[in-house]
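Please open the structure in the viewer and keep the sequence beside it.

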Amino acid sequence: MLDTPKAAEKSHADGKILQSASDGIGVITFNNPDKRNAMSLEMWEGLGSALTELRDDPDVRVVILAGAGDKAFVSGADISQFEKTRHNAQASEQYSKRSEAQRALLANYPKPTIACIRGFCLGGGMQVAMLTDIRLASDNSQFGIPAAKLGIAYGYDGLKHLVSLVGPSWARLLMYTGMRIDSAEALRIGLVDRVVPDTELWNATSEIARAISGNAPLAIKAAKITIAQVLKDSDKRDMDAIRQIGTDCMDSEDFREGRRAFMEKRKPSFTGR
Ligand code: COA
């Protein structure tokens, strides 16, 4: 069983997005297991609200995204809404605007994020997973983008992340066929970072989240900002942002604490200042 926290502190989208936080770790759970956690527009917006609240909670240092139940992380957008909300280009533009705004929050999230993937991770679920910083998957997961099976264009952002993770050739194979691949293949092509047995997924994910939450937040922010800039086209890189966060780190109380703790042979206690 994926032992995600049982008691959500808060819920959004009629309980279909759950949010909790403890010990510096925020958790957002996609909670519509009967539909394999397919994402309705309300759920996209609930995801946005949960991300915003955890972003603004100073005690939260890292956020895990997971799916409820044992079958899926997220099985994509809720296709049953398409007839009403995405039946032609004009409707689709409205739909995309509303869901893109939430994905932009995740894309530009200032704190580290981890996708804890169990079961199906398809379509929009892949978009969510690819926007997180780190992807851990159980050995029984399946990945795919069945846009060509539905007649949907997957869009620039989703494909940009796919290509940057797996390269253009695998991106084409996945997109042209709409095929599903298993965890072992996803690991091999770089779509996920680590695969663990199903029963160990939550422990493995929390262990990494704990390691992150115990480290110096400014140093992590520096890595996050710099890696994001590395991935941009060279003419769009914000080198000033990299310099600024470098200066912030070197002048920080946490750097002083890190040095002292090392010399005193004790565990550092970081505050993010
Ligand atoms: N949107 C809406 N409903 C979905 C859904 C989606 N993306 N994915 C699953 N569901 C619903 C099914 O319609 C079914 O509903 P029902 O119980 O009312 O019949 C229920 O979830 C369970 O799905 P089912 O297909 O019976 O389960 P499964 O374990 O055999 O297969 C999937 C799971 C995810 C492989 C399969 O449901 C599927 O292919 N879903 C669509 C995936 C997709 O195309 N995503 C991209 C959308 S852009």
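Leaving aside its neighbours within four places in sequence, with which residues is aspartate 78 in contact? Select aspartate 78 and display its surroundings: Lys35, Ala38, Met39 and Ser40 are in contact with this residue, where contact means heavy atoms within 4.5 Å.

This is a predicted model, in which local features need pLDDT of at least 70 and side-chain atom pairs count only at pLDDT 80 or more, while totals for chains, interfaces and linings use all residues. Residues are numbered from 1 along each chain as its sequence is written, and side-chain values use heavy atoms, with hydrogens and water left out.

**Stop 1: Aspartate 78**

Remain at aspartate 78, which is placed in the loop between β5 (72-74) and α2. The element names refer to DSSP runs numbered from the N terminus: helices are H or I runs of at least four residues, and strands are E runs of at least two. Aspartate 78 counts as buried because its relative accessibility is 7%. The term buried means under 20% relative accessible area, exposed means over 50%, and partly exposed lies in between (1.4 Å probe, protein chains only). Next, select methionine 39 as well: its C-alpha lies 5.0 Å from that of aspartate 78, although the two are 39 residues apart in sequence.

**Stop 2**

Select arginine 36, in the loop between β3 (25-30) and α1. Arginine 36 has a positive phi of about 55° although it is not a glycine. Most residues other than glycine have a negative phi. With a relative accessible area of 34%, arginine 36 is partly exposed.

Then select lysine 265, in the segment after α11 (253-263). Lysine 265 also has a positive phi of about 55° and is not a glycine. Is lysine 265 buried or exposed? Its relative accessible area is 78%, so lysine 265 is exposed.

**Stop 3: Alanine 8**

Move to alanine 8, in the segment before β1 (10-12). Alanine 8 counts as partly exposed, at 33% relative accessibility. Leaving aside neighbours within four places in sequence, alanine 8 is in contact with Leu18, Gln19 and Ser20. The C-alpha atoms of alanine 8 and alanine 21 are separated by 8.4 Å, the two residues being 13 residues apart along the chain.

**Stop 4: Helix α3**

Select residues 89-107, which form helix α3. Where does α3 bend? The bend is at glutamate 100 and amounts to about 25°; it is the angle between axes fitted to the seven residues ending there and the seven starting there. The buried residues of α3 are Ala91, Tyr95, Ser96, Ser99, Gln102, Arg103, Leu105 and Leu106. The elements that cover these buried residues include α1 (41-56), β4 (62-67), α2 (82-85), β6 (113-117) and α4 (124-131).

**Stop 5**

Select α4, a helix that is mostly covered: 8 of its 8 residues are buried. Among them are Gly124, Val128 and Ala129.

Now show α3 together with α4. Their axes come within 9 Å and cross at roughly 25°; axes are lines fitted to C-alpha atoms, for helices over the stretch in contact, and angles run from 0 to 180 degrees between N-to-C directions. That angle makes α3 roughly parallel to α4. Angles under 35 degrees count as roughly parallel, over 145 as roughly antiparallel, 65 to 115 as roughly perpendicular and the rest as oblique. Arg103, Leu106 and Ala107 of α3 make the contact with Gln127, Val128 and Leu131 of α4.

On the α4 side, the contact is made by Met126, Gln127, Met130 and Leu131; on the α6 side, by Gly158, His161, Leu162 and Leu165.

**Stop 6: Helices α9 and α10**

Finally, select α9 (residues 217-230) and α10 (residues 239-250), which pack at an angle of about 165° with their axes 9 Å apart. The two helices, α9 and α10, are therefore roughly antiparallel to each other. Residues of α9 including Leu218, Ala222 and Ile225 take part in the meeting with α10, where the residues include Ala241, Ile242 and Ile245.
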